[in-house]
Amino acid sequence: MKNKLLSWLTIILFSFILVGCNDSIESVQAFNSDSKPPIPNVENIAEVAPPLLIQQLNENFAQTQPQVKILSPNNNEVLNTNNVAVTLEVKGLDIFKNEELNMGPNLHFFVDDQPYQAIYNTADSIELKDLSPGTHTIRVFASRPWHESFKNEGAYAQTTFHVFTPTEDNNPDENLPLLTYSRPQGVYSAEPIMLDFYLTNTPLHLAAQENPDDDIKDWRIRVTINGESFLLDTWQPIYLTGFNKGQNWVKLEFIDENGNVVKNSFNSTVRVIDFQPKVKDTLAKLVTNKISLAKAQAITMRNYPITETEEEVIPEEEVMVEDTTLEETMTEEVISEDDTIEVVTPEAEKVKTSETTKVEDTQATPEETSEDIITEEVTTEEIIVQDEKSES
């Protein structure tokens with residue numbers, strides 16, 4: 001009886017572990033937001049917690065479960081043309097691009113081993129022209145505005161088709177683990193830079209480690225950046241710093257428990273990215289907290305209303321501050337002229353406009369001291385006192 005009860009408890013515990021995982025593999029954070037430990041054995045590259053703004057925006061997608069399908073071409077279809085129309089479908093995620101911020105939820109669309117194309121509209125088909133004869137594979141998955149993949153069941157779709165005739169190239173084995181390199185890609189203008197990828201047909205670490213004599217192999221992702229390598233054993237994006245200005249190369253490899261690359265199409269991919277810190281785009285502002293949360297919400301919700309008060313956050317290091325103390329009651333308008341700052345209230349501006357000629361014609365008498373002279377920084381009360389002196 002005791003052994004039977006123990007067996008039932010083991011089954012229940014294992015069931016909970018399976019339910020808590022996405023796409024049959026672990027999907028847990030690869031960092032500790034409290035401590036931010038450095039990646040071991042790497043000198044320049046360091047892992048940091050995700051930027052605060054991205055963590056906040058990600059709350060909008062907490063319950064989002066996108067479902068992606070490739071409607072055409074069909075899997076294993078042989079086409080008698082090298083111009084192919086691809087039709088996609090996505091449900092559970094509104095994809096769009098905000099025109100002002102140039103970002104929004106999208107689909108990452110891959111043809112063979114080429115870098116992805118971001119798709120913001122599935123109403124029209126995607127035209128692939130002049131494809132080489134042979135086998136080609138399309139991969140597509142749903143992505144957040146900052147290009148982090150959704151990892152829920154159904155967020156990924158794949159199809160393999162043939163132009164005129166099948167070949168061995170670009171033909172992944174559906175029974176083997178498959179790695180899809182996603183980010184980083186393209187040009188970046190601020191750190192940290194997100195590293196993200198997609199995994200399919202990948203076993204749980206628990207199942208792979210349970211019996212060392214079975215055919216289930218444990219796995220790791222080997223990351224190499226500019227020659228420095230480290231391993232990941234979780235399926236979660238990580239944020240990195242320490243990139244060189246200019247070109248950097250990043251390589252992702254799906255390896256087994258012995259450190260060997262699992263032989264399947266696309267399981268070893270390298271990309272070259274360009275890091276140019278002087279360019280300031282929306283993604284750079286997101287990762288460096290240089291945009292307000294209210295304004296950034298527009299990349300997560302279509303037609304999000306941005307009011308006039310929801311302005312961009314200006315970084316402190318970019319504000320030029322004069323060595324002058326300004327009173328809090330006189331901050332309604334600042335005028336800069338000849339490298340000096342003059343603060344003018346609305347009431348004083350009206351008086352200054354109507355009394356300009358009178359103030360300019362006023363001359364100091366020998367009996368007046370320097371304190372009696374009216375300067376440009378004049379207030380309403382000072383003009384009234386001066387008028388009373390003149391009348392007397």
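View 1. Lys295 is buried, with a relative accessible area of 12%, where buried means under 20% relative accessible area, exposed over 50% and partly exposed in between, computed with a 1.4 Å probe on protein chains only. The side chains of Glu100 and Lys295 meet in a salt bridge of 3.1 Å, N to O, the term being used for a side-chain nitrogen of Lys or Arg within 4 Å of a carboxyl oxygen of Asp or Glu. This pair links distant parts of the chain, 195 residues apart, with Glu100 in the loop between β4 (84–91) and β5 (106–111) and Lys295 in helix α5 (residues 293–296). Helices (H or I, at least four residues) and strands (E, at least two) are DSSP runs, numbered from the N terminus. By the salt-bridge rule, the count comes to 7.

The model is predicted, and local features need pLDDT of at least 70, side-chain atom pairs count only at pLDDT 80 or more, and totals for chains, interfaces and linings use all residues. Residues are numbered from 1 along each chain as its sequence is written, and side-chain values use heavy atoms, with hydrogens and water left out.

View 2. The side chains of Arg222 and Glu253 meet in a salt bridge of 2.8 Å, N to O. Because Arg222 lies in strand β13 (residues 219–225) and Glu253 in strand β16 (residues 246–256), the pair ties together parts that are 31 residues apart in sequence. Arg222 counts as partly exposed at 22% relative accessibility, whereas Glu253 is buried at 8%. Glu253 also forms a salt bridge with Lys251, the closest N and O atoms being 3.7 Å apart. Through shared partners, the salt bridges join Arg222, Lys251 and Glu253 into one network. Lys251 is partly exposed, with a relative accessible area of 26%.

**View 3. Ile221 and Phe109 in the largest nonpolar core.** Of the 74 residues in the largest nonpolar core, Phe109 and Ile221 touch the most other members; such a core is a set of buried Ala, Val, Leu, Ile, Met, Phe, Trp, Tyr and Cys residues joined through side-chain atoms within 4.5 Å. Strand β12 (residues 193–200) supplies the largest share of this core, 6 residues. Not counting residues up to four places away in sequence, Ile221 touches Leu179, Phe197, Leu199, Phe230, Leu231, Leu232, Leu252, Glu253 and Phe254, contact meaning heavy atoms within 4.5 Å.

**View 4. Leu283 and residues from other parts of the chain.** Leu283 lies in helix α4 (residues 282–287) and counts as buried at 17% relative accessibility. Leaving aside neighbours within four places in sequence, Leu283 is in contact with Met103, Trp146, Arg183 and Tyr188. The C-alpha atoms of Leu283 and His147 are separated by 9.8 Å, although these residues are 136 residues apart along the chain.

**View 5. The open sheet containing β8 and β9.** An open sheet of 5 strands runs in the order β3-β9-β8-β5-β6, with mixed pairing, and two strands pair if DSSP finds at least two bridges between them. Its edge strands, β3 (78–79) and β6 (117–119), each pair on one side only. Strands β8 (residues 134–143) and β9 (residues 156–163) pair in the antiparallel sense over 8 bridges, and the bridge partner of Gly134 in β9 is Val163.
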